[in-house]
2 protein chains.
Amino acid sequence: MRDKDFLMIPGPTPVPESVLLALAKHPIGHRSGEFSAILKRCHEGLKWLFQTENDVFIFTASGTGAMCSAMGNLVNRGDKVLSLVIGNFGQRWAKIAKSYGADVEIIEVPYGQAINPNVVRERLAKDVNKEIKIVTVTHNETSTGVTNPIKEIVAAIKEHGALSVVDGITSVGAIDCKQDEWGIDVLVSGSQKGFMIPPGLSFLSASKRAFEVHKQCEYPDFYFNWTDAKKNYDKDTTPWTPAINLIVALDKAFELLKEEGLENIIARHKHNATLLREGVKEMGLKLFVEDESIASYAITAILPPEGISVPDIRKTLKNDYNIVVANGQNDLKDRIFRMGTLGFCSERDVLTALASLKATINKLTK
Amino acid sequence: MRDKDFLMIPGPTPVPESVLLALAKHPIGHRSGEFSAILKRCHEGLKWLFQTENDVFIFTASGTGAMCSAMGNLVNRGDKVLSLVIGNFGQRWAKIAKSYGADVEIIEVPYGQAINPNVVRERLAKDVNKEIKIVTVTHNETSTGVTNPIKEIVAAIKEHGALSVVDGITSVGAIDCKQDEWGIDVLVSGSQKGFMIPPGLSFLSASKRAFEVHKQCEYPDFYFNWTDAKKNYDKDTTPWTPAINLIVALDKAFELLKEEGLENIIARHKHNATLLREGVKEMGLKLFVEDESIASYAITAILPPEGISVPDIRKTLKNDYNIVVANGQNDLKDRIFRMGTLGFCSERDVLTALASLKATINKLTK
């Protein structure tokens, strides 16, 4: 039966049935009072999940679009940006900053490790002339399954005074991320992750300080412009036609998320990822990230057992057990496979996945 | 009954039931063979509607995003751009070009009129040093209900040698627009118009010549980058996570569109708009665009009868007849109302709208 796939990739993540049905409603006009009411509820929901009093803008774009919005509203050509890189998505910040003409310096650690906040502190302490304007960092690095100690990293950035720009694409709504309390200046996220809706929307929240810096941006991005976004946000609308059906679906997803509660959502992700890690270790498989303190609660990277290939595991899981897991990316391709517990994922799903993975390994061992 | 609204705005347009059901399918992974097959069919469908042999890129963004892609992949700061403006959407081209640092000159005509190709020819003839690099123009101007004589305008641009960059957002799939035959260099469109799916996707097709100019762009847009789009297009994938469900819906919509055939689609739009115009005139109302040769087949702008306000007409049409029509924009607000016959609209829908408009006027006259 080919119509039963369960997605355990880092995104898109599974979508609840009631959200899919909301998605399928006839579109309504985006300049109507009805739509503004929906948008207003979504804005409130976003603030709640971002744990912020800032406005949270909705862009019709994938997460990379929101990342471009961050750089495209802050960077002038020649600005110094420091990018903390622990995987592919950290690299993406650096690439985007360069595309807007920034002078980018990279601090990189081997894949599978996290950034040490003291390394950041030491580097920034040397910047006596305060030339570094922005520091970019990934909260949860999906390519490796590592969660950075973002609170401590942001604290180190604050001591220096640069803006902290954080990719929370696979953390917001899954792993605790307190924008205001921790002092994150710009936080971005994406719809097909913790938000339990399909891809097509991304979100950005900027602090007052970041907004002041934006005002000095000579050629701010047009499509992702913060000034336009803010002007329209205040009227419960958007500058351009948004992905209406996805926003209606988001409104429905917030009902489910609010019913569960933020603490419970975060606890569920921790519980499911821990259950998965323990189950995998019991099977005799090795985890790519052995250090519990930096292991992601959204995505778990696993090494295949000796003699069995990653493509064979993925193929058997998909064809025989209707479970889709991700390969590694770039250098990690065929060296690890990655299983998501992100978004609409229950304990039952993890038990199912563990049983299926065990059966897969058994089948491939014979 | 509040769940029965029929959209006659210029977008979003109504979506067929089978397309809504496709939209509501569980998302599948965007790096899978299944999704690539869907994307490939959509690419073929887009080439067919764009009437081009060029690649047509799909962006997860509204139509304005595709417009930013055009400017953001061609313009270097200081480049000369000539914008031909007949309404709000023509103005948008000029604003976007400026946001990328272009030196923009505007040729504008009073709203309700079209651009005269000879005016373009004369202006460009004066540019003996060939400083004008790009000419932007709107095919169908939704804010006024005017369709520019795009074939003749593009011919005038070709004589000069500048790139023609055309907004086909409300023309492609509704009003004849032959990209290759007419020599349009860059053509953009959006999903919630002739494509019969909700908003969230936009499309761009660039000629070989435009692609050569793109290669000279110093800081091309990152999110909407053509080089990345092309590299991924050739592998039936996208650089970033696309709005998967909207692409699945697009694939379904193409089934319906292909079944009808492009000639029939264009003829249906012409027939429906003509029927609407004649019916409105019979009622004694005035059309904002009286000249049949430039009247849009996608959107018809209508003046309210003496003594009846546009807001009252819109409110009565919506509350009593469940029909949503658009107000005018900017200076035309409350001076005209606009009725769309764009996308999934049948002759029955037009007859229904005419009967409802007549009843509305009668009711408001009493």
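How many residues does the contact take from chain B and from chain A?

**View 1. The contact between chain B and chain A.** This is a predicted model, in which local features need pLDDT of at least 70, side-chain atom pairs count only at pLDDT 80 or more, and totals for chains, interfaces and linings use all residues. The contact (heavy atoms within 4.5 Å) takes 47 residues from chain B and 47 residues from chain A.

**View 2. Area buried between the chains.** The size of an interface is often given as the accessible area lost when the parts come together. Chain B and chain A bury about 3,800 Å² between them (accessible area, 1.4 Å probe, that two parts lose on being put together, summed over both), with 66% of it on carbon and sulfur atoms. Look for Arg77(B), Tyr219(B) and Phe222(B): these three supply 18% of the area that chain B buries against chain A, more than any other three residues.

**View 3. The fold of chain A.** You can trace 13 helices and 15 strands in chain A; these are DSSP runs (helices H or I, at least four residues; strands E, at least two), numbered from the N terminus. The C-alpha trace of chain A spans about 65 × 55 × 30 Å along its principal axes. Residues are numbered from 1 along each chain as its sequence is written.

**View 4. Inside and charge in chain A.** Of the 366 residues of chain A, 65% count as buried, meaning under 20% relative accessible area (1.4 Å probe, protein chains only). Chain A carries 44 positive and 45 negative side chains, where Lys and Arg count as positive and Asp and Glu as negative, leaving out His and the chain ends. The centres of the two sets lie 3 Å apart, each charge being placed at NZ of Lys, CZ of Arg, CG of Asp or CD of Glu.

Note on methods:
Chains lettered and ligands numbered in written order. Heavy atoms only, no water. Buried < 20%, exposed > 50% of the residue type's maximum accessible area, 1.4 Å probe, protein only.
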